Amino acid sequence: MKRSALAALFACAGLAGSCSATDVTTGFAGLSGTFDVTLTGDFVFVTSSDRDELRVLDVASNPRAFVPAPNPLEALSIPVLDRPDALTRDVGFSATGDDVPGPYIYARSSGSSEISVVAAARELLRQVVRLQAPSIVTAFAARSPAPETDEPSTLYFAIQDPDGVFDTDTGGARILRQEIPGPDALLAAEPAPLPPPVTVFCLQPGESILSMTMLAGQGQFAVATRQASGRSGRTLVVTDSGPVADCLQPSAPTLDVSAGFGNVPVRLLVSHPRAEIPNVETLNAGRYLFGIRDESACAGARECSGVLAVDLESSPPGQTARDLSGAPMLPIYPAGGIPTGLALIPNAPLNITLDDASSGVITVPLLGVMPASNGYITMFSAGDLRQFDLSAATARSIVSLLDSNELPVTIETADLVMVTQDPTLQRSVLYEGSVPNGFYRIIYQGGLPGLNSLDRNVDDPRRFEAEAAVAANARAGDIIVLESSEALCAVDLSISAVEPVPGTTRVRFVIPDTQEIPTECASLPRFTVRAGGDQPFVLFDEAGTFLSRDVTGASSYSMPTEYFFHPEGFYVDDDEDPQTPPVPNQALFPQPPPPLHIRVAAVGREVRRGDRYAVTVAAGIRTYILTPDVTAGTGLAFYSLPGPVTAAQNGEADFAYIAYPSADGILQISLQAIYDNRAQSLGFVPFE
């Protein structure tokens, strides 16, 4: 931290007269522990947990800089509770559904029963009160007062209550409501007293709350709960209908929307203000409730991950929202890793690049921004409830003939061989959005996995054995090639049978009695088994993982498929004639041409050992992902592990802000300056 501050001072010294005193704080505030971030008005608040404080980035200043302290050489510090690691803000909605910010932001710390209430007005920026909850606070959300009124802000917070804290009922987790008067009342010479908090919702035994978010309905909020086992939980819409006398019985929610999330527990809930979708409809504030599903509910399995949304205006309400195609939306997965945050930005300008490399800025009615633990950031169309498809192409496959060195096959009269895709190779429709991008190799007489360079006893030259577990793919008709580190036998040995060796876990490859081993090959100490006979091909994926040796005929290898993207026209909601393409269970793999003879530029050529058909399968989908360029010299080397993300909700956001615990900083993303599917430094500005 000191080195960065000195570097800033030396930079000013070298540019005499070009730096003012306050420039020293630009981009640097000595953050330490950036676990959460939120934006209200012109300010981005970020935790500096190791120093028990908040820092404030002023996005209205030019250049953007941390708000200075009275000593302009320092950034303003707002002391709060010990080790703050979670923030929320007052959230409200006008009569038209627009975002209405309130006077406060709130900070809490995991394992603490305190909440810091911080005034967010430029002339205040201080903690005005610290609340002491009856027990550990696990989640919170707050509602702004109605515009131009003296109403208080309303803070809802969940506590996990150990038995015995409350002596009037059975104890247990619950949600409390705390009304907080405006800053003027709390900062007066005689501060207004805070009313006591009241219980408004009681949870089931053993249940706690992980996330809360305010909804547009009066007194409505949503909560994500978890049972003590961590493997189950509910997602509920709750309406505050007044204090609850006791928690002898769990409260009934206004609406249980767990089924809309696939009955998978949710670990983060996010709502949204009103958004205008051109030529379609107005998306009312809070219509969709988005949730990041909890991977830990099923040991990280894919079926418990990704972002889903439920429609609170569906009939009945709370069903899985339907995407642009009209079908129930599919989970939006990150490009690896697990989601670390989610922001929904109305009326967001986003730079889009087309297939022809031309680019321009479009306005996305409701943009989803989802950072993930592997460093990638996914942009998606939250209004359309699906990933972007930036490609005009459709699903397709291309087959190319290469030699064993992965070079195009050449002969004297032709420079290039390309076996292009045609109906004889394409054996089934590849539905767009149902097959992932992939690259495969179909190798002629390729080596079988686990059966390469096996040792043999030259004193028993006709004995060829291997462990049965690795020889499962060998069969009669395959080929044995004798070898050493310096030589290969020019004569292949044919396998007539694969037989178990009694009393062992091994099998023996039997060669016909009539087949002689050439004298010059008898002393070669190793052997490899290669595919042969009527199935001479071996199929591998791009990583070199063996998939199958059955690539020809009716029962050949098929790619497992499932829809991960719904293209337009996928679903037609018509009671008289519903039109939904079948979800394929598999897509048959493109077959190679007949193996014995290949036509090459009208000239015959026999296929050779090691020749391979390179099969490229393209999904026809290009999603919008990007990552900071963390290579040396970009200034972003430590921006590898993102956390929560925030952005303005007033429909005028040009930037998003992501907290990076790995860098003790905030990364500003210019939505109009980024490009998809690449690592980049353009469009990113760090503040530390």
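I'm taking buried to be under 20% relative accessible area, exposed over 50%, and partly exposed in between (1.4 Å probe, protein chains only).

Ground rules first. This is a predicted model, where local features need pLDDT of at least 70, side-chain atom pairs count only at pLDDT 80 or more, and totals for chains, interfaces and linings use all residues. Residues are numbered from 1 along each chain as its sequence is written, and side-chain values use heavy atoms, leaving out hydrogens and water.

I started with the rings, which pair if the centres of Phe, Tyr or Trp rings (six-membered ring for Trp) lie within 6.5 Å; planes under 30 degrees apart are stacked, over 60 edge-to-face, the rest tilted. That gave me twelve aromatic pairs.

I looked up Phe464 and Phe527: the centres are 5.2 Å apart and the planes at 75 degrees, so I put the pair down as edge-to-face. Phe464 is buried at 0% relative accessible area, and Phe527 is buried at 0% too.

Next came Phe537 and Tyr613, with centres 5.9 Å apart and planes at 55 degrees, so this pair is tilted. Phe537 is buried at 1% and Tyr613 at 2%. Ring pairs also bring in Tyr444, making a cluster with Phe537 and Tyr613.

Then I checked charges over rings (NZ of Lys or CZ of Arg within 6 Å of the ring centre and within 35 degrees of the ring normal). Arg108 has its charged end over the ring of Phe140, 5.3 Å from the centre. For Arg302 over Tyr333, I noted 3.7 Å.
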